[in-house]
Structure formats: structure tokens, C-alpha cells
Amino acid sequence: MSTPGRRPLDRDRIVDAAVALADRDGLDAVTMRRLGDRLDVTPMAVYKHVTGREELIDAMLDRVVASIPPARSGASWRDATRDRVLTARAALRSHPWARDAIETRRLASPTVLAYLDSLMATMFDGGLSADLVHHAMHALSTRMWGFTRDVLPTPAVPADPTERARSMATFAGTYPAIVRMATTAQHAGAGCDEDAEFAFALDLLLDGVQRRHDDGWSPAVAAARR
């Protein structure tokens, strides 16, 4: 029996609570015990609606993916795809744990498949061939969800000015190209603008796909040009 005025326990309420918990404390914090405490029920009451943590994370991710707005109508395939990916980025940035959820899922859910299908449909509507769509989806990789896998971090620069100068001099002698980029690029001395970097890479990919399409690219044409 539920308490008067309180929403009865159901799958939606459980997913709501799990998303809120992950938003606050991260994906690792989402356990059946902590979720039960948050909902003021026993863990066994949660298990009546989800079979386990993996199913719960699937449902949480579905909730986020389902919130990504559809592509705007009337736009070119390139602009529509770009908009969709950037809105996906905004959705995932509102739920930082979603990136880990995506990378640990063993199987795409119907909601995730629908998102992938919508991206491909946008490309097909733009006249892209099945082969080009196939390669474009591989090239997008995790960018279709609005994030990228970062390269390995470079060593931190010492805070002490003397040590920093000595370290940079040694680094410059061994890795001159890295130091040239880091000290003369427009963003030198400041952190990278992650949104600008993401959009730059996304534009490169989509522009490249558009050029292939305009050139009549196909696997046979590419093989003949080798």
C-alpha cells in the first residue's frame, strides 16, 4: 500500500530516481541498495520492477537518448546530422554518467537503435549511398553521441616558474612540434574550448562525407584510384 500523496513505486519512478542519483553522484553510485534508500523502499521492492543493475542502466540510458530532439525538417543531410549530434552532446553533458553507460553496454536497446536509424535515415534522405552511410557511421564513432575519446594526457607543467622554464626547455628539445603547437596556437596558455574542438572535428568529418558524395564515391571508384 502506498503512502497517501506519494507516487506509487513503478519502473518510471525507479528510473527517475536512478537518473537523479547518477546525476548527483555518478554511475557507480547507482546500486539497488542506495536506490532503495532514496525511494524509501527495500532493495527487493526495486527488483520487482527491474531485474538488476544492468537493466536499470539500460533504462536510464534510454531515458536520456529518448530526450534527444529529432532532426529539424527541411535542412540538408549535413546540417540535420550536425544539429542532431550537437543536441545529443547537450543531452549527454546534462547527464555526464551517460558516456560511461554507452561505453559499457553490451547490446543496443530499441531506443538506441532508433537513434542510430534516424541518423542513417537522414543521410539516406540526403542521397548518400549505403556504402557511404556505412563509412560515415564508422567515422562518427562516439561523436554520434556527442563525445570523443581523448588522446593520452600530456605531462602537467610545474607550477614553480624556474622549474617550469627548465621543464619546457627540456621538453622542447625532445618534442619540438608539441611545444610549438602548445605555445603558438591561438589557445596557447589557456584550456581548450571543448565545444569548439568537438564542432571542428564534426565539421571535418561531415564535410569529408559530403565531398565523397559529390564526387560519386563508391568502393569500386576508391579501389580504382588506389
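# Questions on a predicted helical chain

Me: What percentage of the 226 residues in the protein chain is buried?
Reply: Buried means under 20% relative accessible area, exposed means over 50%, and partly exposed lies in between, with a 1.4 Å probe and protein chains only. The model is predicted, so local features need pLDDT of at least 70 and side-chain atom pairs count only at pLDDT 80 or more, while totals for chains, interfaces and linings use all residues. Residues are numbered from 1 along each chain as its sequence is written, and side-chain values use heavy atoms, leaving out hydrogens and water. Of the 226 residues in the protein chain, the buried share is 33%.

Me: How many helices and how many strands does the protein chain have?
Reply: Helices (H or I, at least four residues) and strands (E, at least two) are DSSP runs, numbered from the N terminus. Read along the sequence, the pattern is α-α-α-α-α-α-α-α-α-α-α-α. The count for the protein chain is 12 helices and 0 strands.

Me: Is the protein chain more spread out or less spread out than a compact globule?
Reply: The radius of gyration is taken over C-alpha atoms, and the globule rule is 2.2 Å times the number of residues to the power 0.38. For 226 residues the rule gives 17 Å, and the protein chain, at 23 Å, is well over that, so compared with a compact globule it is more spread out.

Me: What share of the contacts with a separation of 6 or more joins residues 24 or more positions apart?
Reply: Contact means heavy atoms within 4.5 Å. Among contacts in the protein chain with a separation of 6 or more, the share from residues 24 or more positions apart is 66%.

Me: Which element gives the largest share of the lining of the largest pocket?
Reply: A pocket is an open set of points on a 1 Å grid over the protein atoms alone, where a 1.4 Å probe fits, with protein on both sides within 12 Å along at least five of seven lines; lining residues have an atom within 4 Å of a point. The largest pocket holds about 1400 Å³ of space, and of its 36 lining residues Asp 150, Val 151, Cys 192, Glu 194 and Glu 197 are the closest to its centre. Two or more lining residues come from each of helix H5 (77-93), helix H9 (161-174), helix H10 (176-184) and helix H11 (194-214). The largest share, 5 residues, comes from H11.

Me: How many charged residues are in the lining of the largest pocket?
Reply: Ala, Val, Leu, Ile, Met, Phe, Trp, Tyr, Cys and Pro count as nonpolar, Asp, Glu, Lys and Arg as charged, and the others, Gly among them, as polar. The lining of the largest pocket has 19 nonpolar and 8 polar residues, and the charged ones number 9.

Me: Which helix gives the most to the lining of the second largest pocket?
Reply: The second largest pocket has a volume of about 240 Å³, and of its 18 lining residues Ile 102, Arg 105, Ala 108, Val 112 and Trp 145 are the closest to its centre. Helix H4 (53-66), helix H6 (97-104) and helix H7 (110-125) each give two or more residues to this lining. By class, the lining of the second largest pocket has 9 nonpolar, 3 polar and 6 charged residues. The most, 3 residues, comes from H4.

Me: How far apart in sequence are the parts that Tyr 115 and Trp 145 tie together?
Reply: Rings of Phe, Tyr and Trp (its six-membered ring) pair if their centres lie within 6.5 Å, and planes under 30 degrees apart count as stacked, over 60 as edge-to-face and the rest as tilted. The whole structure has 2 aromatic pairs. Tyr 115 and Trp 145 have ring centres 4.5 Å apart and planes at 25 degrees, so they are stacked. Tyr 115 is in helix H7 and Trp 145 in the loop between helix H8 (130-140) and H9, so the parts tied together lie apart in sequence by 30 residues.

Me: Is Trp 145 buried or exposed?
Reply: Tyr 115, at 2% relative accessibility, counts as buried. Trp 145 has a relative accessible area of 8%, so this residue is also buried.

Me: Is the pair of Phe 171 and Tyr 175 stacked or tilted?
Reply: The ring centres of Phe 171 and Tyr 175 are 4.7 Å apart and the planes are at 50 degrees, so the pair is tilted.
Phe 171 is partly exposed at 22% relative accessible area, and Tyr 175 is partly exposed at 42%. For the ring pair, the class is tilted.

Me: What separates the C-alpha atoms of Arg 53 and Met 32?
Reply: Arg 53 is in helix H4 and is partly exposed at 29% relative accessibility. Beyond four places in sequence, Arg 53 touches Leu 27, Asp 28, Val 30 and Met 32. Arg 53 and Met 32 are 21 residues apart along the chain, and their C-alpha atoms are separated by 7.0 Å.

Note on methods:
Grid points are joined across faces, edges and corners, and a volume is the space filled by probe spheres set on the points.
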